[in-house]
Amino acid sequence: MSDIIDIAIIGGGPAGLTAALYGARARANTVVFETALPGGQIITTDWIENYPGMPEGLNGARIGELMHAHAEKFGAQFRTFAQVEKLTDESGGFRIEADDESYLARTVILATGAIPRKLGIAGEAEYTGRGVSWCATCDGALYRGKTVAVVGGGDAALEEAMFLTKFAERVHLVHRRDEFRATKCIQERCFANEKIELHLGRVPVEIVGQAGKVSALVLETATGEAAETLEVQGVFEFVGVHPNSDLVKDLADLADGGWVMVDSSMGTSYAGLYAAGDVTNTPLKQVVTAAGQGATAAFEALRYLDSGVCPL
Ligand SMILES: Cc1cc2nc3c(=O)[nH]c(=O)nc-3n(C[C@H](O)[C@H](O)[C@H](O)COP(=O)(O)OP(=O)(O)OC[C@H]3O[C@@H](n4cnc5c(N)ncnc54)[C@H](O)[C@@H]3O)c2cc1C
């Protein structure tokens, strides 16, 4: 591509796809770089029921497809399976290295989202893909008639535990605190599900295997005493996310934990560089906030382009 990109968007999740829609609809030359297929984390969840205007909810991957099609309809261009390896400043704009090619952009919106955090306990690495998973939608069907553990206490953990009951005979829900932080209505539905057994105040300390597959999850109390060993064939972890912010660590200010610091216009500390969605230091990590922030970032990038500040 020889043209200079007006708005380069790194990441094709809900934040990036919404930014692409707003940028392309305003007739800016808008290009989305995405490591995999567009959609982001929602591809890994079966059902989203808290996106406004969809009272019945919708499959996560389907929302991703619709957001992608919507942005493309208005002229956004996509570089899929193109991981951005390097982002540097050049001539008042940005140099982007992706997929063995080099691109020049006037503005950049970082929408690289987040990846699931790991528990970091014994057996986790050894049994990843052999019973340890971070995606119930991808792997749930493998546990038909079996027993699994879900670790976590937020919306994702409880939603995914309920989803897993479609397949598993029993789902042990393990949380280190005495209370869940998931939304109350999700808790109510979860507690009413007879296949789900709660283990509150329990900390997973080891994943045990037999014949190369997960066979048990060892739990301790919050104060470190031995508690119980759950016989399970799968362990699903939903204990938060970690931001994909390495690309901008030398360009923009990061908050503790690596989140990209943004102002109310989604501007970072570097002129012309915006960030939106789960990668930012804003507290609510949801599809609706990612979409809203993507729209704001594109709107501000367009204003920046119109202001003529960028020398490119
Ligand atoms: C299991 C689960 C259930 C959830 N349930 C809900 C729910 O019910 N309701 C709700 O509102 N939210 C839910 N969420 C949260 C929601 O998915 C996220 O808040 C949302 O996806 C964040 O969007 P994003 O665009 O900021 O980032 P992401 O969705 O993380 O997308 C970022 C994209 O950037 C790409 N990327 C990263 N680095 C690069 C790079 N260097 N180059 C190119 N591309 C890159 C990634 O491949 C990814 O596609 C759930 C999340 C999970 C994991």
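Mentor: The model is a predicted one, and the labels are taken in turn below.

Trainee: What makes I4 partly exposed?

Mentor: I4 has 16 other C-beta atoms within 10 Å. Buried requires 20 or more and exposed requires 12 or fewer, so I4, with 16, is partly exposed. I4 sits in the segment before strand 1 (5-10).

Trainee: Which residues does I4 contact, beyond its neighbours within four places in sequence?

Mentor: They are L104, A105, R106 and L312. The cut-off for such a contact is 7 Å between C-beta atoms. The C-alpha atoms of I4 and F94, which are 90 residues apart along the chain, are separated by 9.9 Å.

Trainee: Is D256 called buried or exposed, and why?

Mentor: D256 has 6 other C-beta atoms within 10 Å. The limit for exposed is 12 or fewer, so D256 is exposed. D256 belongs to the loop between strand 18 (241-243) and strand 19 (273-275). Its C-alpha atom is 8.9 Å from that of N281, 25 residues away along the chain.

Trainee: How do you know where the ligand lies relative to the domains?

Mentor: The domain assignment gives domain 1 (5-115 + 241-307) and domain 2 (118-237). Both domains give residues to the shell around the ligand, so the ligand lies between them. The C-alpha centres of the two domains are 31 Å apart.

Trainee: What makes up the shell around the ligand?

Mentor: The shell divides into 15 nonpolar, 16 polar and 5 charged residues. Gly counts as polar in that tally. Of the 36 residues around the ligand, G11, G13, G40, G113 and G277 come nearest. Helix 1 (14-25), strand 2 (30-34), helix 4 (155-164) and helix 6 (287-307) are the elements that give two or more residues to the shell.

Trainee: Which residues touch the most other members of the largest nonpolar core?

Mentor: Of its 57 residues, these are A8, I9, A19, I109, L110 and A276. Helix 6 supplies the largest share of this core, 8 residues. Another core, of 32 residues, lies apart from it, with V151, A161, F180 and V232 among its members. As for A8, the residues it touches are V31, F33, F94, I96, Y103, A105 and V108, leaving out those up to four places away in sequence.

Trainee: Why are strand 10 and strand 13 placed at the edges of their sheet?

Mentor: The sheet is open, with 5 strands in the order 10-17-11-12-13 and parallel pairing. Strand 10 (132-133) and strand 13 (196-200) each have a single partner strand, so one side of each is left without a neighbour in the sheet.

Trainee: How many bridges join strand 11 to strand 12?

Mentor: Strand 11 (residues 147-151) and strand 12 (residues 170-175) run parallel and are joined by 5 bridges. A pair needs at least two bridges, so these strands count as paired. Within that pair, V150 stands opposite L173, and V151 stands opposite V174.

Terms used
Residues are numbered from 1 along each chain as its sequence is written. This is a predicted model: local features need pLDDT of at least 70, side-chain atom pairs count only at pLDDT 80 or more; totals for chains, interfaces and linings use all residues. Domain bounds come from an automatic or database domain assignment. Helices (H or I, at least four residues) and strands (E, at least two) are DSSP runs, numbered from the N terminus. Two residues are in contact if their C-beta atoms, placed from the backbone, lie within 7 Å. A residue is near a molecule or strand if its C-beta atom, placed from the backbone, lies within 6 Å of it. A nonpolar core is a set of buried Ala, Val, Leu, Ile, Met, Phe, Trp, Tyr and Cys residues joined through C-beta atoms within 7 Å.
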